[in-house]
Amino acid sequence: MVNIDKLIIGFDGALRTLLVPAQTLRPVPGNDLPEAELSDVERIESTALMRVNHVGEVCAQALYQGQGLTARNANVQETLMQAAREETEHLAWTERRIMELGGRKSLLNPLWYGGSFAIGMFAGLLGDKWSLGFLAETEQQVGAHLAGHLQRLPHQDERSRAIVTQMQIDEAGHATMAISHGGAELPPPVKVAMKMGSKVMTRTAYWV
């Protein structure tokens, strides 16, 4: 059962994610690299891909906060919160890069957040092993998605590529952590449904 204190914390997390610029303790990957000369087409592509990545981090924050509200085990809650802290850094990195490229964040971020928060709470209610399994599968799918972005980003846009590369490393670590804490393998139909939902989000966020 979710108590009122957790709900308040969850509401505060939502406001911070959507309205307050994220902060990072680690240096921004690629910050020491020179800004590349990009054509208009290349800049639009980099901006759109980084917007998609930013939306992914908004969703990650919501998922982990929703799962944290319904997690039963204190160790599982800490695992989720540790992942969320690193995802906050990703949020900061992608937001900053979007601004450097002269772009904007997705106009649908409140919708992405609300839907992901509900999914996270539902996953947590199913039990900690399924919640962690959901986390692991999410991160594995995100890792594959980031690998695709590394192929699509302009080769000379080293600043964006450095951010995506470090995000990919971190996401793999989150998946390993979730499995090591007892995450269960999700049924194939659930994995397929997650991939389909991810495609809708990424294709929409690319433009909106």
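At 1% relative accessibility, Asp-157 counts as buried, because buried means under 20% relative accessible area. This value, like the others below, comes from a predicted model. Asp-157 has a charged partner: its side chain meets that of Arg-97 in a salt bridge, with 2.8 Å from N to O. The pair ties together distant parts of the chain, as Arg-97 belongs to helix α3 whereas Asp-157 sits in the loop between α5 and α6, 60 residues apart. Arg-97 is likewise buried, with a relative accessible area of 1%. As a general point, side chains of opposite charge can pair when their charged atoms come close.

Arg-97 has a further contact within its own helix. A salt bridge joins Arg-97 to Glu-100, and the closest N and O atoms are 2.8 Å apart. The two residues are three apart in helix α3, so about one helical turn separates them. Glu-100 also forms a salt bridge with Arg-96, where the closest N and O atoms lie 3.2 Å apart. Arg-96 and Glu-100 are both in helix α3, which spans residues 74–100, and their spacing of four residues again corresponds to about one turn of the helix. In contrast to the buried Arg-97, Glu-100 is partly exposed at 31% relative accessibility, and Arg-96 is partly exposed at 36%. These contacts belong to a network of salt bridges that links Glu-35, Arg-96, Arg-97, Glu-100, Asp-157 and Arg-159. The structure as a whole holds twelve salt bridges.

Attention now turns to the pockets. The largest pocket has a volume of about 970 Å³. Its lining is made up of 39 residues, and those nearest the centre are Met-194, Gly-197, Ser-198, Lys-199 and Met-201. Several helices contribute to this lining: α2 (40–70), α4, α5, α6 (158–180) and α7 (188–207) each supply at least two residues.

Phe-122, Leu-126 and Trp-130 together make a nonpolar surface patch of about 310 Å². Of these, Leu-126 is placed in the loop between α4 (109–125) and α5 (128–152).

At 14% relative accessibility Gly-143 is counted as buried. The C-alpha atom of Gly-143 is separated by 9.6 Å from that of Val-164, a residue 21 positions away along the chain.

How values were computed: Residues are numbered from 1 along each chain as its sequence is written. This is a predicted model: local features need pLDDT of at least 70, side-chain atom pairs count only at pLDDT 80 or more; totals for chains, interfaces and linings use all residues. Side-chain values use heavy atoms; hydrogens and water are left out. Patches are made of residues with over 30% relative accessible area and no salt bridge: like charges are joined within 9 Å, nonpolar side chains (Val, Leu, Ile, Met, Phe, Trp, Tyr) within 5 Å. Accessible areas come from the Shrake-Rupley method with a 1.4 Å probe; for residues, only the protein chains shown count as cover. A salt bridge is a side-chain nitrogen of Lys or Arg within 4 Å of a carboxyl oxygen of Asp or Glu. On a 1 Å grid over the protein atoms alone, a cavity is a set of points where a 1.4 Å probe fits but cannot get out, and a pocket is an open set with protein on both sides within 12 Å along at least five of seven lines; lining residues have an atom within 4 Å of a point. Grid points are joined across faces, edges and corners, and a volume is the space filled by probe spheres set on the points. Buried means under 20% relative accessible area, exposed over 50%, partly exposed in between (1.4 Å probe, protein chains only).
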